[in-house]
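The entries below follow the order in which I looked them up.

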Amino acid sequence: MSSNAFRFPDVEFTPELKALQQEVRDFLAAEKASGGFVPVADGWGFGVDLEFSRKLGQKGWLGMTWPKQYGGHERSSMERYVVTEELLAAGAPVSAHWVADRQSGPMILKNGTEEQKKTILPRIAAGECHFAIGMSEPGSGSDLASLRTTATKVDGGYKINGTKIWSSGAHFCHYMIATVRTGGTRDEKNRHEGLSQFLIDLSIPGIEIRSIKNMAGDEHFNETHFTDAFVPDDCLLGEEGDGWHQVTSELGLERSGPERFLSSAIVLTEAARKIGNEPDDREALMLGQSVARLKSLRRMSLGVSGLLQEGGSPTVEAALVKDIGTRYESTLLNDIRQVQPTEPLGQSTDDFARTMAEGLLRVPSSTIRGGTNEVLRGIVARQLGLR
Amino acid sequence: MSNEDNLIVDAATRIFQDMSEPGVINAAEAGEWPTDLWNTLEESGLTLAWGDEALGGAGVDMLDGFALLKTAGRFSVPAPMADTLLAAWMLSHAKLQMPTGPMTIAPTQAEARIAISADGVLTGTARHIPFGRNADHIAVLARDGDKAVVALVKRADCAIRENINLAGEPADEVSFDGAKAIATASAPDGLDEAALVAMGAAVRSMQMAGGLEKILDQSVQYSLERSQFGRPIGKFQAVQHGLAELAGEAAAAGAAADAAAEAVSRKGGLGTGALAEIAAAKTRVGEAATRGAAIAHQTHGAMGFTYEHSLHHATRRLWAWRDEFGNESHWAIMLGRMVAARGADELWPFVTGD
Ligand SMILES: Cc1cc2nc3c(=O)[nH]c(=O)nc-3n(C[C@H](O)[C@H](O)[C@H](O)COP(=O)(O)OP(=O)(O)OC[C@H]3O[C@@H](n4cnc5c(N)ncnc54)[C@H](O)[C@@H]3O)c2cc1C
């Protein structure tokens, strides 16, 4: 009997995965104890620590699933999942390499030239080469296909003109994968045609990166201006004109991970520390509800990973988990506030007050970045046959 | 847990499709026992799925039994399917021979106590016993002093005060005073009132996950059939977003109920082994039921508020079941205490199930 219900495969957590999990936990505990990092809320989005990223590269925890010939470690998606969720739960500062490891590297692996794979992937896996996402533009957010930045064919390459915006980390990143127009028009009808992706070295002439300070005070995202920036032919990533298809699968990678519900896990942990071993009913209720929500999200998320492992592209399932996950995060901090009052202080030495402050100022972005919840629900509704 | 390629689920689905249709459900609410449905289920061995084969049960794997219950939840089966499975589970643990015919269990609250004397005579009253009046037998967890005893009691030997839950399902008060058990055995370690209620919560969670799938399907279908302003209401973005949220709630509930079912089947369902997963499931599934049923009704407009339309078969059960065997906050508080007792640094390992 056909049903509209989404099913997530059940993933077996093998003893090998358990052992890896323990290895990562031990590493993180040691790092924390030795001052290697200070846990932060939303560390995957905002916690930049180039040295820490390098350490993870040395551990073999970046580019985990890629072929060894490109600096990868040929491990499974599930193993990568285990490592990433531990880093997230600990509030580790993993933002610098996050995009490259999650989506840019896999995009290069799938669509890049042999030369790109050989020169770039090993550096990403070493935690030494970082990537920015070049999708959004001032006039194109949710309606990504309306983008205006162009790449015009010239002798030996292309000239890029236009502006990308909200480019996270572009100020320290080495490359950007930008989705631009190489043909077609912005008409309603065929706007998905004529888009292409380019792998752009951010140090070339014609690129100007201007920081946009966010409301939490972070120097995080940027405006990236292109003025006749010349890129050689081999910077075209994948096929000319296939950009829409490619960027859709890139978004699939961007949306599929546990960061979409674990950004504030560290705040919950610090709240539990304040609450102590003998909670009153309200405190216990908050802890129980939050953990129950987390557990079911994690199970679904593992299922998404399982689908990836099977070679599927669980775009809709990922959208569904991101929608529920980010809404959970939006209510979590408020639920905590109600039972564990604090005056969130950004420079506090009290980890709860500090991570709460970080979390409260960063969480409004969680239902926007990577595609708004309205857009995600549209994707789910299409799957339900409503659009 | 996937239900697609499950023979038991297939068999049950065929039976339910034919015999648990809206007319039968309404008739059952009006007091008519669904004879054909029950007899067919019984003949196929499904009602004693969780009974040990050596004791007269069907010896079905725990997980298959849960899959069966999810299907029963989808179809709002108006008979004590879940309750008979629970009774068979309890009798199997006590190594008691199982009778055929509908059964139910008592008590259904962790703090309730029913006494039994050394010669098997019971005293006490149990409230909210699902399908009490319809059961031929009741599997009772009773106390001889401190000692937990499983007793099989004939319903005819008990006094019933009828009541109904929000779905119109029998939820009777059963007085055992003076009834003599037809069989007794001491309960194995770990089987006490709390364990029975936890198992009930795992069962209701799974039924509810099925109910949520049902109202998702009904709502999607209705939104494509009903037109206003010249188009199907499912074309309006506000409606689409509600249904996307409902799909999410149904998926989250399914994940939570599956996790509990697996923990129960791994750990036998006795003692505290599966308690965290059950607590998490009943909490999360209950939340999903509240939000999901609200969206389903909003989508159906006034039509969904009629008795005529079958939406309420699932939604009223969702509302009833979320309160049975402990509501969301009951289980969330228990879960929260477990989390706190282990301490902040163990919170994440607790989430990952270590
Ligand atoms: C912290 C952060 C980091 C980011 N990093 C990057 C990055 O590195 N690279 C990059 O390219 N982009 C990045 N983004 C941009 C992000 O992808 C966009 O913000 C997002 O896609 C939404 O676009 P917008 O902000 O222009 O909002 P808009 O599209 O203008 O939307 C505003 C509101 O209108 C709603 N809306 C729009 N269209 C519809 C519709 N059809 N139906 C219903 N509602 C609708 C939206 O859901 C939203 O609520 C980042 C954003 C944030 C907040």
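Predicted model: local features only at pLDDT ≥ 70, side-chain atom pairs only at ≥ 80, totals over all residues.

Entry 1, the chain interface. I looked for salt bridges between chain A and chain B and found eight, taking as a salt bridge a side-chain nitrogen of Lys or Arg within 4 Å of a carboxyl oxygen of Asp or Glu. One I checked joins the side chains of B:Glu287 and A:Arg293, at 2.5 Å from N to O. I also noted 19 residue pairs in polar contact between chain A and chain B, both residues at pLDDT 80 or more; a polar contact is a pair of N or O atoms within 3.5 Å, where within protein one must be able to donate a hydrogen and the other to accept it, and residues adjacent in sequence count only if both atoms are side-chain atoms.

Residues are numbered from 1 along each chain as its sequence is written, chains are lettered from A and ligands numbered from 1 in the order in which they are written, and side-chain values use heavy atoms, with hydrogens and water left out.

Entry 2, extent of the chain interface. I find 51 residues of chain A in contact with 56 residues of chain B, contact meaning heavy atoms within 4.5 Å. Together the two chains bury about 4500 Å², 60% of it on carbon and sulfur atoms, where buried area is the accessible area (1.4 Å probe) that two parts lose on being put together, summed over both. A:Arg7, A:Lys295 and A:Leu386 supply 16% of what chain A buries against chain B, more than any other three residues.

I used the division into domain 1 (15-130), domain 2 (133-246) and domain 3 (251-383), bounds that come from an automatic or database domain assignment. In chain A, the C-alpha centres of domain 1 and domain 3 lie 21 Å apart, and their contact takes 24 residues from domain 1 and 25 residues from domain 3. Domain 1 and domain 3 of chain A bury about 2100 Å² between them, 58% of it from carbon and sulfur atoms; A:Ala41, A:Trp44 and A:Tyr81 supply 29% of the domain 1 part, more than any other three residues.

I counted three salt bridges between domain 1 and domain 3 of chain A, and noted A:Asp42 with A:Arg369, whose closest N and O atoms are 2.9 Å apart.
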